[in-house]
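Please examine the structure shown below.

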Amino acid sequence: MDHNFLKVVVGVIATLALYSVLYRENKFYRLVEHIYIGLAVGFSMVALWTETLESSFWNVMVGKAAVAATDTAPAQTGTPGFYLFALLLPVGLMGYFVFSRKHNWMSRIPIGIILGLWGGQQIQIWWQTYSPQLQAAMRPVLPTATDSIIVPNSIRLSQVATTEISTASTLPPEVVTTLSNNFRMNTDAVAAFAQANNVEIGSVQGAMRLMAGKVGGEVYASQAINNIIFLITLLSVLTYFLFSFEQKGKFLLGFTRLGRWLLMVGFGAIFGSTVMTRFALLIDRMYFVMIEFLRDGLPRVFQGG
Amino acid sequence: MLNLLAQSTLPPFSVEGGSQQAYQMIAITLIAGFAIMAGLMFAPTKLRRPIAVSVTFLAGFYYVLLWAWPKPVELATSEKPLNQTEAIGRWITDALPGVSSISQTLAALLLGLGVYSVLRLHSTRLMKKQKDWLFSLVLLISMFTMVGVGYADYNQVIADPTKASPSGWGPMQYAKDFLFDGMLQSMDAAMFSIIAFFILFAAYRAFRIRSVESTVLLGTALIVMFSLMGLVEYASKNAIDSMTGGDPGHFLNNFALSEVRDWIQRNVQGPGIQALAWGIGIGSLSMGLRLWLSLEKSGGN
Amino acid sequence: MQKLLNLNRFAMYALLVIAVSIPLFMPASCTTIPTLTNSNTQDLYIELMAIPEGKTVFVESDWTVSTRGESAGQLEAFLKIARLKNLKFVLFSGADPQAPQVAKNVIEGLNARFEKNGLKPLEQWNDYIDVGFYPDVEAFWQTVASNPRRVFPGKTAYDPVAKQDRDVYESPVLKDIRKTSDIAMVVNITASGTIDIIVQRMSGKGAKLAGMVTGVMAPEALVYYNSRQIVGLSGGLRGVVEMETMMAKGVNFSEGGKEPFVKAAQFDGVIEPLPASYQPFARGMNYFASLHAALFLLIIAVVLGNVGLFMTRKKGGK
């Protein structure tokens, strides 16, 4: 049995042991559960040194001596040793006084430093996080184009605009005008249009993009309605979370109720998405048991492969 | 003597890296640190809160200064600051990597608290032969095996970097891979995948249409779940295409499942979650200020 | 009708196992599902493919095998693009001490496939640097935002040519990083809320931000995409499948005069499919049919529960 298959076998046994809790809690489950916690804690002890403390603490504290160049390697500059970092060890260890009845107040020193550092960052990050979102939420609610309720497939071009698109796309102006009657077409329709007008497909696509861009610069009634729905959702959900004062009045109460309903849309989406993740994890485990072990692993062992 | 690190460029409170002097200074600092710690053990009760509050405030004040102090223009190391404001600004910016290393170190040392807690709980249970002490023994054995193998593997790879890749693995690397990839990771994956069973059964038992809220929740969840199924979404698009003849500008396209999902996502789900996030943001800001200024009632008492 | 309300728990568990397992045994030709791509995943792919060759990306990998079903596919998709475009990347974690090792295992597994297909494996020092685990990842990003040249003091990595450990800033990965705008992109492959921390500290600093998150985190991360704080987002298993679809079929790429399978209206250019040596693009697709079965089962379970409730109520009313 090779190393990789051995890993798979042990993994399958562990999986079955942990799944046995679905029936009810049992000793097999508890045994594997304890091995799992032991290994996880053990690995964290290793990783805290190898992945973090060695570089962020030890190497900074001790520094590094300069190394001269060799035939194969270039010279390396040294780094100074910041010996005051040694103070972090007693400070960090003070955290462990949390278990001492007499001195547990001392554990608040390292924890206070971490919380203070976190708290101090909050002022700066608040604006950096939410100002782009506030900006993005400022959406136009009044339509700027009245020729259509929904975003149209056609555009009425002025003489100047026709010339502009004609020059940019190298299509004759009359073809541009024809195209402006329907500038959203699928590939087959574009090819047919190009052939019928004896022009390049790429030029037609270019002109279509320019026309879509012109339409995109306008706000149509349907878009304005969408934006109003967006703002109502945002404001009503925000209102729902106003706990600082008592909410009175029919309008405010109705608005917060609407906020609660609309919030459920968000939660529904989160539920759907969460279910996907949970099932994906199960599928991955089943793939491990059914495919990596049963279908691919076992036959290889029996065939001596 | 080779000294690529010129003495004159040494920053304050530092010595030549890797030198004997470095280790001497570390030993002295450690002794001083433990002496301060011992001194704090005898601190009078009335001084305890001010000490914890001051330390918390000073730590947070650094980041407030970093944010509020005028930022110096990017100066080359050889350039001198124009005035005191710029000099302080530069000092604050230059101190950031050091502050970051301090917080990484303290956070890592505090993460060790969890480890210590597990160790303490299970060693007590084992020593006193309490209920399930055998499980505690298993836990401790697996923990120390992982620690031993993990460090042995790390040191061997440092000494012989060819052992980092599977082609150069020795027994210790195989052992570490077996423990980490074969056991720990499999158990981790199995443990978290169990939730899928519970979620299925909970949805069946509890996901009921009883009110407007639950109806909206269920309706949206169904739309999202159907749209996550690529096949259903694709079929819905094809059905619409067959009605519109594949015309991308046709009004009916708005009723394809992907479009409906997209509309909900942009206009209702997005702002709803955004409003929730803003609320949490304001909460975090006020919590941050309360923690920094030790205004939390239980802080520092 | 009461029966509908009291289906056996174990029967449902067994049904779920059967439902997700059967598609796994079916041949790939039966389980390859045509999938439409969302604009957020399209933008992620387009932005990744637009990074100039040889540039450096910061990859915060915050997942362990517990979310392998989704996150491994995300990381693999990124690694394939990194290989194709010869991108360099800095790998680290801010969420779990196990995460760097898990990511390295994925790289090793993919390297074996790269070598088999005649591609150059991703090499430590030259192609990527693993800088470890940062428990205070807030402070980490604060430092990156201020000066990326001073984030890894004391961090060394093994240089296979010089045959010694050297300062990571001397590596090809980090040697040209002087300011945040030198970082071509920050990609967060995460199973937790670490994307918030990145956005909070790196927004507006000149580096593009992107997320490859699990389904649980996707709805929240979408807010950042909508406000353009991140340039693209791949969410959950569906996101992995969409990335694979684009790798296999390209973007706005038309073959034999056919309509392009992936049409990105927001993108003027054309991205060709990845070369055959990067196949298979199936990490997510292998699981996708099973996801269909599981979701279908859940929907049936919810419907049955509600029908049962409705009928019982109706009966009680009479």
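Which residues in H2(A) meet which residues in H5(B)? In this predicted model, the H2(A) side consists of A:Val32, A:Tyr36, A:Leu39, A:Ala40 and A:Phe43. Across from them, H5(B) contributes B:Leu179, B:Phe180, B:Met183, B:Leu184, B:Met187 and B:Met191. Sorted by class, this helix contact holds 11 nonpolar residues, with no polar and no charged ones.

Two packed helices are described by the angle between their axes and the distance between the axes. Helix H2 of chain A, residues 27-62, packs with H5(B) at an angle of about 120 degrees, and the axes are 10 Å apart. H2(A) is therefore oblique to H5(B), since 65 to 115 degrees would count as roughly perpendicular and over 145 as roughly antiparallel. The crossing of H2(A) and H5(B) is left-handed.

The contact between the two chains draws 123 residues from chain B and 120 residues from chain A. On the chain B side, at least two residues each come from several helices, including H1 (20-41), H3 (84-127), H5 (171-193) and H9 (257-292). The greatest contribution to this side is that of H9(B), with 20 residues. The class composition of the chain B side is 84 nonpolar, 34 polar and 5 charged residues.

Chain B has a mean pLDDT of 88, and 94% of its residues reach 70 or more. Over residues 1-7 of chain B, however, pLDDT stays under 50, and the model has 13 contacts beyond four places in sequence for that stretch. Where pLDDT is low, the predicted coordinates should not be read in detail.

Chain C presents a sheet. Its 6 strands form an open sheet with parallel pairing, in the order S3-S2-S1-S6-S7-S8. The edges are strand S3 (128-133) and strand S8 (232-235) of chain C, each of which pairs on one side only. Neighbouring strands of the sheet are turned against each other by 15 degrees on average, direction ignored. Within the sheet, S6 (residues 183-190) and S7 (residues 208-213) of chain C pair in the parallel sense over 6 bridges. C:Ile189 has C:Met212 in S7(C) as its bridge partner.

Helices also lie across these strands. Helix H5 of chain C, residues 68-84, lies across S1, S2, S6, S7 and S8 of chain C, and runs at about 160 degrees to S6(C). Helix H10 of chain C, residues 236-249, lies across S7 and S8 of chain C and runs at about 115 degrees to S8(C).

Methods. Residues numbered from 1 in each chain as written. Chains lettered and ligands numbered in written order. Predicted model: local features only at pLDDT ≥ 70, side-chain atom pairs only at ≥ 80, totals over all residues. pLDDT = per-residue confidence, 0-100. Contact = placed C-beta atoms within 7 Å. Helix = DSSP H or I, 4+ residues; strand = E, 2+ residues; numbered from the N terminus. Nonpolar A, V, L, I, M, F, W, Y, C, P; charged D, E, K, R; others polar. Axes fitted to C-alpha atoms, helices over the stretch in contact; angles between N-to-C directions. Parallel < 35°, antiparallel > 145°, perpendicular 65-115°, else oblique. Left-handed = near helix turned anticlockwise from the far one by under 90°. Pairing = 2+ DSSP bridges.
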